[in-house]
Amino acid sequence: MNTTYDFQNIFSHFSIEGELTECERYGEGLINETYCMTVNCRGNNVRYILQRINHRLFKEVDKLMQNIELVTECSRKSVLARGGDPEHECLNLIRTKEGKSYYCDGTNYFRVYKFIENAIVLNIVRTPEDFYECAVAFGDFANLLSTFDASKLYEVLPNFHNTKIRYKNFVNAVEKNIAGRKDEVQKEIDWVIAHKDLCGKLVDKLESGELPLRVTHNDTKLNNVMLDAKTGKAVAVIDLDTIMPGLLAYDFGDSIRSGCNSAAEDEPETSKVHFRYDLYETYLRGYLSSVGKTITEEERKSLPVGGVLMTYECGMRFLTDYLEGDTYFRTMRKGQNLDRARTQFKLVDEMLENFDRMEKAALTEGRN
């Protein structure tokens with residue numbers, strides 16, 4: 001048993017029947033420390049996920065956990081209402097003996113989830129079907145929470161997808177030129193400025209009420225989806241640390257940004273970078289098949305906008321960080337953030353070339 005923490009003491013504070021027999025590091029998460037606890041309960045081994053919350057990153061643990069409590073409770077009720085299995089189809093928090101959603105040993109914060117058995121997590125998309133199931137999972141996540149008042153959620157990362165503010169940060173980085181790199185990236189700077197009209201495409205419609213406020217996941221990557229170990233079908237969405245109020249287009253768009261690239265995110269040769277429209281259609285089909293009937297016409301129309309805007313925003317953030325000396329995004333080599341930015345900009349260009357058919361697909365898919 002790992003002795004980094006006093007796992008027996010931590011375990012004793014949670015309402016779990018049985019005896020802790022094993023607790024080992026689990027998964028490949030970089031933010032929180034994750035462990036798999038094996039508990040012997042009346043002769044049967046039952047597994048749980050124990051996580052040490054990174055309270056240096058998530059400073060408001062109470063508010064963070066309240067978000068997760070509210071969302072998992074709503075998801076559970078929605079799964080039950082449709083006749084599903086909430087033990088398998090959504091995350092389930094285990095309370096402490098005092099009824100709290102986490103335990104603090106005085107220094108560290110811990111939470112426990114029920115282990116979702118007979119399910120796997122993938123780090124890379126093996127086939128288009130994997131990408132489709134990822135879309136099904138995140139569409140279903142939005143569907144389960146469609147009745148939830150997202151304004152109740154604490155904004156873990158304020159203005160995370162406020163592209164107007166991201167643009168102001170970019171302009172500030174250009175003006176200050178802290179790392180002395182401005183002259184070498186003038187072409188990229190000009191490109192961002194030329195596309196600045198994109199910045200208000202979503203936030204303006206949110207402010208006007210044309211797009212409804214929704215619960216958003218904000219980390220819609222494949223390894224945050226659990227798939228059935230036998231069938232490969234979507235089971236549940238995990239990692240709820242960044243759930244916040246937002247727009248469906250944010251989550252959808254970020255999936256398109258990351259999943260429809262023909263090359264690596266930091267590919268130095270932009271000639272290898274292309275927007276995979278076929279994968280866009282695959283993801284769109286999966287997402288709309290599960291998001292439910294609550295999606296509005298304006299939200300449908302916003303989905304391809306999300307793809308363009310999240311890619312533009314991310315590229316702008318990479319370029320901002322490059323101008324500031326690579327202080328935010330982790331880099332492994334010189335110029336990596338610049339390569340990341342150029343990749344995103346190439347994708348935006350090709351998305352805009354395909355935008356009419358992206359929008360048409362979003363408005364017609366699943367209508368027949």
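Guide: Two strands pair if DSSP finds at least two bridges between them. The model here is predicted.

Visitor: What makes β2 and strand β3 a pair?

Guide: The cut-off is at least two bridges. 9 bridges join β2 to β3 (residues 44-53), so the two strands pair. They run antiparallel. Cys-36 stands opposite Ile-49 in β3.

Visitor: How do you know that strand β1 pairs with β2?

Guide: By the cut-off of at least two bridges again. Strand β1 (residues 19-25) is joined to β2 by 6 bridges, so these strands pair too. This pairing is antiparallel as well. Arg-25 has Tyr-35 as its bridge partner in β2.

Visitor: What lies between β2 and β3 in their hairpin?

Guide: 2 residues. Arg-42, in the turn, has a positive phi of about 55°.

Visitor: Why is strand β2 called largely enclosed?

Guide: Buried means under 20% relative accessible area. Of the 9 residues in β2 (residues 33-41), 8 are buried, so the rest of the structure largely encloses this strand.

Visitor: How do you know that helix α10 is mostly covered?

Guide: The limit is under 20% relative accessible area. In α10, 24 of the 27 residues are buried.

Visitor: What span is expected for helix α10 (residues 297-323), and what does it reach?

Guide: The expected span is 1.5 Å times one less than the number of residues. For the 27 residues of α10 that gives 39 Å. From first C-alpha to last, α10 reaches 39 Å, close to expectation.

Visitor: Where does α10 bend?

Guide: At Val-305, by about 35°. Just after α10, Gly-325 takes a positive phi of about 95°.

Notes: Residues numbered from 1 in each chain as written. Predicted model: local features only at pLDDT ≥ 70, side-chain atom pairs only at ≥ 80, totals over all residues. Heavy atoms only, no water. Buried < 20%, exposed > 50% of the residue type's maximum accessible area, 1.4 Å probe, protein only. Helix = DSSP H or I, 4+ residues; strand = E, 2+ residues; numbered from the N terminus. Bend = angle between axes of the 7 residues up to and from the residue.
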